[in-house]
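Let's take a friendly walk through this model together. Please keep the sequence and the 3D view at hand as you read.

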Amino acid sequence: MDKNFQEEFTQIIKFQPPLYKQRYQFVKDLVEKYKPKKVDLGCADCSLLWMLKFCSCIEVLAGLDICANVMKEKMHTLSPLPVDYLQPSERSLTVTLHHGSVAHKDPCMLGFDLVTCIELIEHLEESELKKFPEVVFGFMAPSIVVISTPNSEFNPLLPRVMLYRHPDHKFEWSQAQFQSWALETARCYNYSVEFTGVGHPPTGMEKVGFCTQIGVFVRKCPQTGESVQSEKPTEAVYKTVFKAVYPSLKDEKYLQNAVISEVIFTAQKIKHRLMSKHKEYGDDSERRSKFQPSMDCFSDHLGKVLVEKHMEPFVSGNEVYIPLTTIFSFPKVNRLCGTFEKLCKLIAGKVTLSSDGSAVVFNIEHENEEN
């Protein structure tokens, strides 16, 4: 939230990478460590949300901010891109932005694994700060809460900082003040807390502490569903200003498209190799017969085909037959479908198959005419 101001006044002490990027990287490293599926954060300009949407473990990302205009300026960066539809991810991902105050309770904020409040609490009025612990630690009660805030002891090292680092800050705490507040909050809501930070002080001034101080709160015991339900408000108080549901292979529609595309691609590769070998034999009917076994072998029950996994692709007249068992043996097709039965179900009616449904069929008459 303070990165523009910070770039302006850090003329003597230069942070590499910039301090806001260090904060974001801290959160990303925490996500990689704990693998939360549902993450909520004060979103501001959506930069951290955009960064976290690439973390493969996250399935739900929610952002909350009191300033809707700031969110609306950047929320387009959270929309799926064309490549997301061409190559859907194996995980589901929903990104939602809410307009509201962290001092208010809303049922849409329940069930999150990780809540991050990066450079947020110092913007709260005293009345909001008093409500903040009950909302975040009592009501939302995620497994992990990350709170970062400026360390006022570092301010004398920063040029142009007379009182606070940002004109909207209502306060800035020393290390002792932040730790006192954090420890009391952790005790009240049954959390443990560890202190760290980003932005190292100059050599010889280690007692000043980090430029940004961070508290990582971890809930000591699971929150029971009953305790959350009893506190659940009856009405929503936040306004949803943005929602994006990314295409995912968990959606049958996208999975089917992906499977059909991969089956055709795989079958085409096999056909190309087969035809290359087939042309090597020219018009030698004795040798070509090796590629044209009787169609009787494809008229048996599908169960027999499953047993005869040695069955090879072959050419018969103007048609090429690629057994589904051969296609299913390819790692990507196998991973997408999981079972042979699922493969058959997903491509039924979408791919040209033999009469018994056991092989993909290509008609090469037109190709032969061109050649």
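## Basis of the model

This is a predicted model, in which local features need pLDDT of at least 70, side-chain atom pairs count only at pLDDT 80 or more, and totals for chains, interfaces and linings use all residues. Residues are numbered from 1 along each chain as its sequence is written, and side-chain values use heavy atoms, with hydrogens and water left out.

## Salt bridges

Side chains of opposite charge can pair when their charged atoms come close. The structure holds nine salt bridges (a side-chain nitrogen of Lys or Arg within 4 Å of a carboxyl oxygen of Asp or Glu). One of them joins R23 and E119, with the closest N and O atoms 3.6 Å apart. R23 sits in helix α2 and E119 in the loop between β4 and α6, so this pair ties together parts that are 96 residues apart in sequence. (Helices, H or I of at least four residues, and strands, E of at least two, are DSSP runs numbered from the N terminus.) R23 is buried, at 3% relative accessible area, and E119 is buried as well, at 1%. Here buried means under 20% relative accessible area, exposed over 50%, and partly exposed in between, with a 1.4 Å probe and protein chains only.

Another salt bridge links K105 with E134, the closest N and O atoms being 3.4 Å apart. K105 belongs to the loop between β3 (93-99) and β4, while E134 belongs to helix α6, so the pair connects parts 29 residues apart in sequence. K105 is partly exposed at 25% relative accessibility, and E134 is partly exposed with a relative accessible area of 25%. E126 and K130 also meet in a salt bridge (3.9 Å, N to O); they are four residues apart in helix α6, about one helical turn. Both E126 and K130 are exposed.

## Backbone features

Which residues does a cis peptide bond join? They are Q16 and P17, with omega about -5°. P17 is in the loop between α1 (3-9) and α2 (19-34).

C46 lies in the loop between β1 and α3 (47-52) and is buried, with a relative accessible area of 1%.

On a 1 Å grid over the protein atoms alone, a cavity is a set of points where a 1.4 Å probe fits but cannot get out, and a pocket is an open set with protein on both sides within 12 Å along at least five of seven lines; lining residues have an atom within 4 Å of a point. Grid points are joined across faces, edges and corners, and a volume is the space filled by probe spheres set on the points. The second largest cavity has a volume of about 60 Å³. Its lining includes D40, L64 and M140, and β1 (38-42), β4 (114-118) and α6 (126-140) each supply at least two residues.

The second largest pocket has a volume of about 330 Å³. It is lined by 14 residues, of which L86, Q87, P88, A258 and K332 lie nearest its centre. Helix α9 gives the most to this lining, with five residues.

## A surface patch

M162, L163 and Y164 form a nonpolar surface patch, with about 380 Å² of accessible area together. Such patches are made of residues with over 30% relative accessible area and no salt bridge, with like charges joined within 9 Å and nonpolar side chains (Val, Leu, Ile, Met, Phe, Trp, Tyr) within 5 Å. Accessible areas come from the Shrake-Rupley method with a 1.4 Å probe, and for residues only the protein chains shown count as cover. Y164 is partly exposed, at 31%.
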